[in-house]
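Reader: I would like a close look at one part of this model, the place where the two chains meet. Please take me through what is found there.

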Amino acid sequence: MTITEARVEILLGNGAIARGLIEAGCDVLCSYPGTPSSEIVPEAVRFKKAENLPIYIEWSANEKVAFDNAFAACLTGKRAAVCMKQVGLNVAADSLMSAAYQGVVGGLVVISCDDPGPHSSQTEQDTRLFAHFAKVPVFDPSTPEMARDMVIRAFEISEEFRTPFIIRPGIRVCHARQAIELREPKRLGRTANFIKDVERWAATPRYRYVLHKELNEKHARMALASAEPGEYNHHDATGNDYPLGIIAGGVPLANALDILDEFGIGDVPVCHVGAAFPFPLSLVEDFRKRCRNILVLEETDTVIELFLQNRENVRGRISGHVPSEGELVPEIIYNIMREALSATGVYQLPVLEGEKVAAAVADMNLPTRKPTLCPGCPHRASFYAIRKAFPKAIFTSDIGCYTLGMNLGAVDTVLDMGSGITMASGFFQAYNQDDQEKPIIGTMGDSTFYHSGLPSLLNAVYNDARFILVLLDNDITAMTGMQPTPGLGIRADGSMGKKIPLERAVEGCGIDWIKIHDPYDVENLIALVKEAYEHTKQPDGGVAVIISRHPCIIKYPPKREHRVEIDAEACNACGVCVKKFECPALVQTGKKEKVTIDRRICVDCGVCVVSCKEGAIKEAGSSD
Amino acid sequence: MTTKSKTTNIVLAGVGGQGILFATKILSAAAKKRGLPIIGSETHGMAQRGGSVVSHLKIGGARSPLVRRGSADVLYAFDPIEGHRAFPFLKKGGAVFVNTGTTPWPDPALEKEIAGMDIDVATFHADRVALEMGNPRLANVALIGFSSAHPKSPFSSDELREAVIASAPEKFAEMNMKAFDAGKAASGP
């Protein structure tokens, strides 16, 4: 099997999705970054520039904002898309639910990237269930190439049925790489033309009832279409009485098909459910009835399994054969299939190779490598100072690289985007109610502040909460791959937009006490945090905000001025720097061993100097 | 669906920041040049911040991107500890290329379990070579260069060298090539 090299590109799954948007003639793309969705926008920008396409692309302030912008665009008759990580859909949920009722004019495709594992998210929620809840159709791609094709098809169905359409690639689609043959972008040449229809676009509750009825009718028609054997929903059972049949969708489907191929197992029919909702009931039921036993493989929750009308001979999550949490990695799918194939007498797969080696490796107790802030990360300096100033404070934090401040003992809570502020005010009110005084220090990154910090801070000020807020301003959305922020003013395509400095936004929320400080100057930051606490205790005080500003060292690599060295004679091997400062470039191999610097990763920022009471860490001469 | 299909499965393991994604790109480019279908998987997001990073690459018509335990033909270990962690991916008769300054590798603790698996182990201190060249970040390409002359390398030295040139940003191409050549030279005649 070979493919011609011409026009073939090795694309990341997210690049394939971006390609689908381009090939479908999408006019408007709005997004807020979040793993595993973040590369869709940069890839779309790359195609836009390379092929000189008119598509408008923006990084929006948050997912709800992104959704509404795209929705408006589709009301003008254009094709629009909005993409986000799966928990971003929670932020945009209000918009999605309402948009399902109102319907669309031009196609509207919502890409919500799921994260079974989870690898980089706070939940493993299954976007297919969200689609069910919102009464919006959903595609569940198995591969990058399928995701690209589904984007194009989704626009067509979206316009045919006048409904938003969700595509939910899993992380193994988003971050897979595949060689894909590119097609020509569609140029639809649509011009904006919003046709007023107040009853629909500004529907009152009374008309919402009518819209709901219309949605339900649409839905019934879509369900019929979904159950027609087609590209994404189909099965290959021709006879009856198969001992075992597999119903699967998404990445687990790809894994199951690969295993059947690898071992040449030809007598197990497979029912593909790539369009999971509206559920293709008659198709799947026809398949189920042809098989004596059924194995359901889907991620992350139960959709296919729930819809089955009879689960007597069904292996899945409800029956306990498939784990209900975590990613269905190939080893897990292999063992599930091995059991099912063996128990139904179809085939005996060999014992999974590598198990004994895996057990021996587990016995080695290899050091676990937990994620850490990078060497030289300005957040480490901020957390070190915060913790030094108030070791016993309650530390509320948020989503971003700086969640890793927990390694320095300076992060106690992370709920969701914005909670670094909202939970700080919540803790304050709960303690204050009992007249208890408690230092509370919230931390939040710049991008997160623009995303959902604004209403949170405004609320805290309005309700007279008292806490310290340290905004970790590194001029970038670092965790998700260096997307620009409104504070930087650079837009998705690299052009300059209007810059909205953090301090102006903070001031606008009613904050009177704002200090800007470079966290690399740790000693003075410690003093500043203490000063901030005094402000929170004054009768006419309030929330004190420190903007801890230093650029991300990955995005903006610093110039090395001094080489950091450890004076081996002065080092007493106490290990405080390793534990409290927690820089991965500081290495202590054993309890009584002297600390050394890992020159491979040290960036010579010199901030660690402050963490050694013995003065053993020094900045010497010039760095190489 | 009655014939067994055969793909070449590759795993790359290391620590965030070691350039595993770039090494994966090089191998993908070599496969693409041959016109082979490829699918693979990468680690992004939080785990990239100094955590364990594993890349998967399947060449030859697979649908799923992850390599199953016990089915990798080749393992590139950019860090000795991560190499141990990823060792169970290897299948019987596989090969591992590891960047390590300490031998023996793998740890004797694994000896009993891997005896009889017929796995080729090739160790090379790519970090040292890269540091000598003045850029620790070149260790990834040096290891690929080192592996390229091995009989179990999925691609020839020429193919990989060309893939390095094709994958590196222009201003780093020469530096990367030097690292590749230094690695290859270390594999000796």
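Author: A term comes first: a salt bridge is counted when a side-chain nitrogen of Lys or Arg lies within 4 Å of a carboxyl oxygen of Asp or Glu. In this predicted model, Asp258(A) and Arg63(B) make such a pair, and their closest N and O atoms are 3.1 Å apart. That distance falls within the 4 Å limit, so the pair counts as a salt bridge. Across the interface of chain B and chain A, six salt bridges are found by this rule. Polar contacts are counted as well, and 15 residue pairs make them across the interface of chain B and chain A, with both residues at pLDDT 80 or more.

On the side of chain B that touches chain A, the elements giving two or more residues are helices H1 (20-33), H2 (80-86) and H3 of chain B, together with strands S2 (38-41), S3 (52-59) and S5 (90-99) of chain B. H1(B) supplies the largest share of that side, five residues.

Taken as a whole, the contact involves 64 residues of chain A and 57 residues of chain B. About 5,200 Å² of area is buried between the two chains, and carbon and sulfur atoms give 60% of that area.

As for confidence, the predictor assigns the complex an ipTM of 0.92 and a pTM of 0.94. Chain B has a mean pLDDT of 91, with 93% of its residues at 70 or more. Among the elements of chain B, H3(B) (residues 111-114) has the lowest mean pLDDT, 90, while strand S4(B) (residues 72-77) has the highest, 98.

How values were computed. Residues are numbered from 1 along each chain as its sequence is written. Chains are lettered from A and ligands numbered from 1 in the order in which they are written. Side-chain values use heavy atoms; hydrogens and water are left out. pLDDT is the predictor's confidence in each residue, from 0 to 100. Helices (H or I, at least four residues) and strands (E, at least two) are DSSP runs, numbered from the N terminus. Contact means heavy atoms within 4.5 Å. Buried area is the accessible area (1.4 Å probe) that two parts lose on being put together, summed over both. A polar contact is a pair of N or O atoms within 3.5 Å; within protein, one must be able to donate a hydrogen and the other to accept it, and residues adjacent in sequence count only if both atoms are side-chain atoms.
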